Amino acid sequence: AAALPPADRPRAKALLVEATTLAPRHETAWLWRAGLADTPEEGLKHLRAVLAFNPASAKAQAGVAKLQQQ
């Protein structure tokens, strides 16, 4: 994923919160939320949300493994 300029992060995060509220099983939106998380713990929370409805998600599994190493 391309890096967002710091000024765009709050708007992107707000839109992703809205997207995951309206479509709670939208895997890509959750993955993006994880990518924009401010802390590893926040990222893990979003990746686990994906795994709750799609336990086979390779991207979420890889993200969890990476964040757990931090």
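**Helix 2 and helix 3**

I looked up how helix 2 and helix 3 cross in this predicted model, and the crossing is left-handed. Their axes come within 7 Å and cross at roughly 160°. Angles over 145 degrees count as roughly antiparallel, so I put helix 2 down as roughly antiparallel to helix 3.

I then listed the residues that make this contact. Helix 2 brings Glu27, Trp30, Leu31, Arg33 and Ala34. Helix 3 brings Gly43, His46, Leu47, Ala49, Val50 and Phe53. By class I have 7 nonpolar, 2 polar and 2 charged residues in the contact of helix 2 with helix 3.

**Helix 3 and helix 4**

Next I followed helix 3 to helix 4. I noted a packing angle of about 155° for this pair, and axes 9 Å apart. Helix 3 and helix 4 are therefore roughly antiparallel to each other. Helix 3 passes helix 4 in a left-handed crossing.

On the helix 3 side of this contact I found Pro40, Gly43, Leu44, Leu47, Arg48, Val50 and Leu51. They meet Ala60, Gln61, Gly63, Val64, Leu67 and Gln68 of helix 4. I sorted the contact of helix 3 with helix 4 into 8 nonpolar, 4 polar and 1 charged.

**Helix 1 and helix 2**

I went back to helix 1, which covers residues 9–22. Helix 1 packs on helix 2 at an angle of about 145°, with the axes 9 Å apart. The crossing of helix 1 and helix 2 is left-handed.

Leu16, Val17, Ala19 and Thr20 are the helix 1 residues I have here, and they meet Ala29, Trp30, Trp32 and Arg33 of helix 2. The classes for the contact of helix 1 with helix 2 are 6 nonpolar, 1 polar and 1 charged.

**Largest pocket**

Last, I looked up the largest pocket and noted a volume of about 480 Å³. I have 21 residues lining the pocket, with Leu31, Trp32, Ala34, Gly35 and Leu36 nearest its centre. Helix 2 (27–35), helix 3 (40–53) and helix 4 (58–69) are the elements that give two or more residues to this lining.

Which helix gives the most to the lining? Helix 2 does, with 5 residues. I recorded the lining of the largest pocket as 12 nonpolar, 6 polar and 3 charged residues.

Terms used: Residues are numbered from 1 along each chain as its sequence is written. This is a predicted model: local features need pLDDT of at least 70, side-chain atom pairs count only at pLDDT 80 or more; totals for chains, interfaces and linings use all residues. Side-chain values use heavy atoms; hydrogens and water are left out. On a 1 Å grid over the protein atoms alone, a cavity is a set of points where a 1.4 Å probe fits but cannot get out, and a pocket is an open set with protein on both sides within 12 Å along at least five of seven lines; lining residues have an atom within 4 Å of a point. Grid points are joined across faces, edges and corners, and a volume is the space filled by probe spheres set on the points. Helices (H or I, at least four residues) and strands (E, at least two) are DSSP runs, numbered from the N terminus. Ala, Val, Leu, Ile, Met, Phe, Trp, Tyr, Cys and Pro count as nonpolar, Asp, Glu, Lys and Arg as charged, and the others, Gly among them, as polar. Axes are lines fitted to C-alpha atoms, for helices over the stretch in contact, and angles run from 0 to 180 degrees between N-to-C directions. Angles under 35 degrees count as roughly parallel, over 145 as roughly antiparallel, 65 to 115 as roughly perpendicular and the rest as oblique. A crossing is left-handed if the near helix is turned anticlockwise from the far one by less than a right angle, and right-handed if clockwise. Contact means heavy atoms within 4.5 Å.
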